[in-house]
Amino acid sequence: MKLNFEHHQTAHCENGVASNLLLNKGLHLSEPMIFGIGSGLFFVYLPFLKVNFAPGFSYRPMPGAIFTKAAKRLGIKIKRQKFSNPEEARKALEKNLENNIPTGLQVGVFNLTYFPEEYKFHFNAHNLVVYGKEDGRFLISDPVMDYVTSLSEAELEKVRYAKGALPPKGHMYYPTYIPEKVDLEKAIIKGIKDTCKNMLAPVPIIGVKAMRWVARSIPKWAEKKGTKETNHYLGQLIRMQEEIGTGGGGFRFIYGAFLQEAADILKNEQLRELSKEITMIGDLWRDFAVDIARVYKNRNSKSNIYQELSKSMLHIADLEEAFYKKLSKAV
């Protein structure tokens, strides 16, 4: 079984799986467009949730939320299933393949045999597509890779039932209905408004307020937990920002590309200017990551480095707050 499926490499796994699955059904939407309509730009700080022995940081919403929101706003229906029994999960996937349905899966990263060692860590919200089975091996289109690959039944079961935070539990999903005509303009505006609402939310764990909480916590971690643990926390922060398929700058560059496309579709030049602004903010996030990497590798000897990192992040939060207020008014 090998389905007619076109593999395209993307920056982020969930956007890429969504884009590739929709393209397979004849609807061409770019990765940035899926991301923007699905309100993928986000920031959350969960100090009470430990991931790899560090607080939970994320520059994106919960796994599956981007595709779910994008689909709803475009009138697309998606079927999602989870299975307590791994054998049932395998049979359901094989049945889909027999019915010519390429299928998205949520998996854990750590045991993906084709991943380079430096990218392996305990993260259970990775996405890929299974598009066939040959010689007992499932054919895999992982959009963060530039080539297709395969996994044995045992290897795929291991990643579908990874343990830890956000366990996949055999989660699989695929589109079941796509309208003949989608209303892109309406979907884009809804996506932008939702992103602005989230990032300007009046609660401390999400959006700009969460950024400020993290920023103010950095010197406190150094004082209370010591250099080693603080550096581990900061390492986790920039890993989520730069390495988890974000396209860099915590998805800010992808969002900039979305606003460029949106400017053309909505004929709104303000969005083109705001695209440049969020890209510039993405550059600052990347500079921030470089500064943290130097600290992590003991290449920065400044005595007040944690205060400086705190100030940098507070500055970025101020710029983002102003950006979302302007963006909200632009649509």
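How many aromatic pairs does the structure hold? The structure holds 15 aromatic pairs, where rings of Phe, Tyr and Trp (its six-membered ring) pair if their centres lie within 6.5 Å.

This is a predicted model, in which local features need pLDDT of at least 70, side-chain atom pairs count only at pLDDT 80 or more, and totals for chains, interfaces and linings use all residues. Residues are numbered from 1 along each chain as its sequence is written, and side-chain values use heavy atoms, with hydrogens and water left out.

**Stop 1: aromatic pairs**

Select Phe5 and Tyr131. Their rings are stacked, at 5.9 Å centre to centre with 20° between the planes; planes under 30 degrees apart count as stacked, over 60 as edge-to-face and the rest as tilted. Phe5 lies in the segment before helix 1 (13-24) and Tyr131 in strand 5, so the pair ties together parts that are 126 residues apart in sequence. Helices (H or I, at least four residues) and strands (E, at least two) are DSSP runs, numbered from the N terminus. Phe5 is buried at 12% relative accessibility, and Tyr131 is buried at 7%. Buried means under 20% relative accessible area, exposed over 50%, and partly exposed in between (1.4 Å probe, protein chains only).

Next, select Tyr114 and Phe115. This pair is edge-to-face, with 5.7 Å centre to centre and 70° between the planes. Tyr114 has a relative accessible area of 10% and is buried; Phe115 is buried as well, at 11%.

Then pick Tyr45, Phe57, Trp213, Trp221 and Tyr233, which form one aromatic cluster.

**Stop 2**

Six of them make an open sheet in the order 3-8-4-5-6-7, with antiparallel pairing. Strand 3 (77-81) and strand 7 (149-152) stand at the edges with a single partner strand each, so one side of each has no neighbour in the sheet. On average, neighbouring strands of this sheet are turned by 40° against each other, direction ignored.

Zoom in on strand 3 and strand 8 (residues 172-177), which run antiparallel and are joined by five bridges; two strands pair if DSSP finds at least two bridges between them. Here Ile78 stands opposite Pro175 in strand 8.

**Stop 3: helices across the sheet**

Select helix 3 (residues 65-74). Helix 3 lies across strand 3 and strand 8, running at about 150° to strand 3. Axes are lines fitted to C-alpha atoms, for helices over the stretch in contact, and angles run from 0 to 180 degrees between N-to-C directions.

Move to helix 5 (residues 153-160). Helix 5 lies across strand 4 (103-107), strand 5 (126-134), strand 6 (137-141), strand 7 and strand 8, and runs at about 90° to strand 7.

**Stop 4: Ser310**

Select Ser310 in helix 10 (residues 305-330). Is Ser310 buried or exposed? Ser310 counts as buried, at 7% relative accessibility. Ser310 touches Ala215, Arg216, Ile218 and Pro219, not counting residues up to four places away in sequence; contact means heavy atoms within 4.5 Å. Val214 is 96 residues from Ser310 in sequence and 8.1 Å from it in space, C-alpha to C-alpha.

**Stop 5: cysteines**

Select Cys13 and Cys196. Cys13 is buried, with a relative accessible area of 4%, and Cys196 is buried at 2%. The structure holds zero disulfides, a disulfide being a pair of cysteine sulfur atoms within 2.5 Å.
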